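Here is a short briefing on one protein model.

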Amino acid sequence: MKKRILVTGGTGYIGSHTVVELQNSGYDVVIVDNLSNSSADVVDNIEKVSGVRPAFEKLDCLDFEGMDKLFTKYPGIKGIIHFAASKAVGESVQKPLLYYRNNLLSLVNLLELMPKHGVEGIIFSSSCTVYGQPDILPVTEEAPIKKAESPYGNTKQINEEIIRDTVASGAPIHAIMLRYFNPIGAHPTALIGELPNGVPQNLLPYVTQTAIGIREKLSVFGDDYDTPDGSCIRDYIYVVDLAKAHVIAMDRILENKQKEKVEVFNIGTGKGVSVLELIRTFEKATGVKLNYQIVGRRAGDIEKVWANPDFANKELGWKAEANLEDTLRSAWNWQLKLRERNIQ
Ligand code: UFG
């Protein structure tokens with residue numbers, strides 16, 4: 001029988017790609033999503049990609065009773081992949097309590113319900129944001145956790161601690177925390193991808209929306225950083241590679257391959273790419289010229305960060321496969337497809 005997995009936030013950007021990879025690997029997937037930042041037709045598109053329709057419930061993880069009932073309605077859930085969270089850094093500064101409520105209490109609810117319903121493991125979406133500006137690059141999982149720059153970042157740090165404390169208390173739970181670097185790109189079918197709400201805050205959706213003419217000009221935030229070309233450096237990871245890391249992590253938990261009950265992995269490529277390099281590579285990959293200007297630095301930006309993914313490479317047997325050009329082309333194809341569908 002197929003093992004059943006609950007994916008919270010499964011109609012979102014990373015969630016939808018992960019659902020497809022789970023299905024491709026033979027898992028039976030149940031999605032819960034409150035649709036605050038996605039829409040139900042993503043479920044149709046997941047079905048088109050994988051050939052299998054996942055179960056879907058519109059539900060908020062904050063709803064403890066509702067979640068309790070969900071585990072009864074879908075018995076035998078073995079693992080949870082917990083994506084559902086608020087994720088806009090700027091908004092979190094304006095509305096900290098919304099972020100603390102949504103992001104912390106959702107996790108607390110799940111951790112409380114897991115033992116009751118015999119759920120063995122949880123994979124938590126963490127972020128390289130927990131490292132702040134690392135002193136040593138590339139950054140390893142042992143690097144110190146720096147004080148968070150935003151309430152959003154703080155929720156990632158606190159949630160990691162909540163998981164550690166819960167497991168240390170003897171709860172019969174296993175966990176893997178994946179610290180994502182910068183996820184970009186879309187599924188090769190262009191049926192699922194990133195659909196930002198309003199004006200994009202992240203670089204790549206802004207790039208593709210500018211390239212297609214929705215935005216007039218991309219602003220590059222700063223060219224006076226201590227980097228080779230002066231613009232910030234990040235580790236851009238293809239979302240499908242990232243999705244696959246979740247499947248491997250879930251297999252690892254359910255096949256009892258973990259070395260510790262709580263493990264943490266960097267999920268990145270190991271390569272740092274500057275904003276200006278990314279723009280040039282996008283232009284080369286797509287043949288589309290990008291209108292951009294250099295403006296001042298964005299408050300709170302990290303100068304440079306990229307992963308040391310050795311631990312994930314060795315222990316998980318996972319490696320980022322895609323190259324940047326193909327990844328950028330996938331993001332562009334997705335943007336073209338959105339225009340075809342009259343969405344953006
Ligand atoms: N950038 C621009 N112009 C834009 C948008 C972004 O130049 O219009 C630059 C940023 O200054 C940064 C790089 O592109 O140098 C990447 O910016 P993103 O906003 O795409 O990503 P961040 O690295 O700032 O943010 C990501 C995640 C957050 C997470 C954060 C931790 O989106 O969820 O990493 O550092 F908290």
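No salt bridges are found by the rule across the interface of domain 1 and domain 2. A salt bridge here is a side-chain nitrogen of Lys or Arg within 4 Å of a carboxyl oxygen of Asp or Glu. This is a predicted model: local features need pLDDT of at least 70, side-chain atom pairs count only at pLDDT 80 or more, and totals for chains, interfaces and linings use all residues. Residues are numbered from 1 along each chain as its sequence is written, and side-chain values use heavy atoms, with hydrogens and water left out.

**Domains and their interface**

- Domain 1 covers 4-185 + 236-267, and domain 2 covers 203-234 + 270-307 + 322-338. These bounds come from an automatic or database domain assignment.
- The C-alpha centres of domain 1 and domain 2 are 26 Å apart.
- Domain 1 gives 15 residues to the contact and domain 2 gives 18 residues. Contact means heavy atoms within 4.5 Å.
- About 1,500 Å² is buried between domain 1 and domain 2, and carbon and sulfur atoms give 71% of that area. Buried area is the accessible area (1.4 Å probe) that two parts lose on being put together, summed over both.
- Four residue pairs, both at pLDDT 80 or more, are in polar contact across the interface of domain 1 and domain 2. A polar contact is a pair of N or O atoms within 3.5 Å; within protein, one must be able to donate a hydrogen and the other to accept it, and residues adjacent in sequence count only if both atoms are side-chain atoms.
- On the side of domain 1 that touches domain 2, the elements giving two or more residues are β7 (182-184) and β10 (236-238). Helices (H or I, at least four residues) and strands (E, at least two) are DSSP runs, numbered from the N terminus.
- That side of domain 1 has eight nonpolar, five polar and two charged residues. Ala, Val, Leu, Ile, Met, Phe, Trp, Tyr, Cys and Pro count as nonpolar, Asp, Glu, Lys and Arg as charged, and the others, Gly among them, as polar.

**Helix α7**

- Helix α7 (residues 203-211) is largely enclosed by the rest of the structure, because eight of its nine residues are buried. Buried means under 20% relative accessible area, exposed over 50%, and partly exposed in between (1.4 Å probe, protein chains only).
- The buried residues of α7 include Leu 203, Leu 204, Pro 205 and Val 207.
- Packing partners of the buried α7 residues are β7, β8 (218-221), β10, α9 (275-286) and α11 (324-340).

**Salt bridges**

- The rule counts 21 salt bridges.
- Arg 179 pairs with Glu 160 in a salt bridge, with the closest N and O atoms 2.7 Å apart. Arg 179 lies in strand β6 (residues 174-180) and Glu 160 in helix α6, so the pair ties together parts 19 residues apart in sequence. Both Arg 179 and Glu 160 are buried.
- Asp 301 and Arg 234 form a side-chain salt bridge (3.4 Å, N to O). Asp 301 lies in the loop between β13 (292-295) and α10 (310-316) and Arg 234 in strand β9 (residues 233-234), so this pair ties together parts 67 residues apart in sequence. Arg 234 is buried, at 12% relative accessible area.
- Lys 289 and Glu 283 also meet in a salt bridge (3.4 Å, N to O). Lys 289 is exposed at 67%, whereas Glu 283 is buried at 17%.
- A network of salt bridges links Arg 252, Lys 259, Glu 263 and Glu 315.

**Glu 141**

- Glu 141 sits in the loop between β5 (121-127) and α6 (151-168). Its relative accessibility of 10% counts as buried.
- Beyond residues up to four places away in sequence, Glu 141 touches several residues, including Tyr 131, Arg 179, Asn 266 and Phe 311.
- A polar atom of the Glu 141 side chain lies 2.7 Å from the backbone nitrogen of Asn 266.

**His 82**

- His 82 belongs to strand β4 (residues 77-82). At 2% relative accessibility, His 82 is buried.
- Apart from neighbours within four places in sequence, the contacts of His 82 include Cys 61, Ser 106, Ile 122 and Phe 124.
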